[in-house]
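Dear colleague,

I am passing on a structure that may be new to you, and my notes on it follow below. Please read them with the sequence and the model side by side.

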Amino acid sequence: MSNSQLRAFADRELRDLSAKLRFALVSVVILPPVAATLTTLGVPRPVAAVTVFAGLALFLLAFVVARISENAHVTPEEYERQKIAEILAGLSSGPAMVHPIPSWEGRILRVTGRLAQLFSNKPVSGSSRAAVAQ
């Protein structure tokens, strides 16, 4: 391998390590206080545990989306659009009528896309910042 190839490989591995550390930091910093707050407010421990594990699953999904979108050279927003198009294509196979995306699927896709930007090494575009600010 040439020096420039080694440098590119080391840079890619450093960015990957940085994304993994951000995932671990966000998981450790955000989820335990959420669980503690829920139990302090009187929520049963099993419900708080399910909430924390659901949050961890959402963070993990966002991390995977960010890594896949970087490897495929696709922005998280484009990945989100592709998934919505796939859902719509699956819904349109039935009778000729309008099928809206179920609200929970659309919300999960939007939240995952926004969280994926946290774990992505690419800069956030101006339109994405405006969408996140809303």
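Is Asp 16 buried or exposed? With a relative accessible area of 18%, Asp 16 is buried, where buried means under 20% relative accessible area, exposed over 50% and partly exposed in between (1.4 Å probe, protein chains only).

Please keep in mind that this is a predicted model, in which local features need pLDDT of at least 70 and side-chain atom pairs count only at pLDDT 80 or more, while totals for chains, interfaces and linings use all residues. Residues are numbered from 1 along each chain as its sequence is written, and side-chain values use heavy atoms, with hydrogens and water left out.

Asp 16 forms a salt bridge with Lys 20 (3.2 Å, N to O), the term standing for a side-chain nitrogen of Lys or Arg within 4 Å of a carboxyl oxygen of Asp or Glu. The two residues are 4 apart in helix H1, about one helical turn, and Lys 20 is partly exposed at 43% relative accessibility. Helices (H or I, at least four residues) and strands (E, at least two) are DSSP runs, numbered from the N terminus.

By this rule there are 2 salt bridges. Arg 15 and Asp 11 also form one, with their closest N and O atoms 2.8 Å apart, and both lie in H1 (residues 3-40), again 4 residues apart. Arg 15 is partly exposed at 34%, as is Asp 11 at 38%.

Other buried residues of H1 include Phe 23, Val 26 and Leu 31. After H1 comes Gly 42, whose phi is positive, near 95°.

Best wishes
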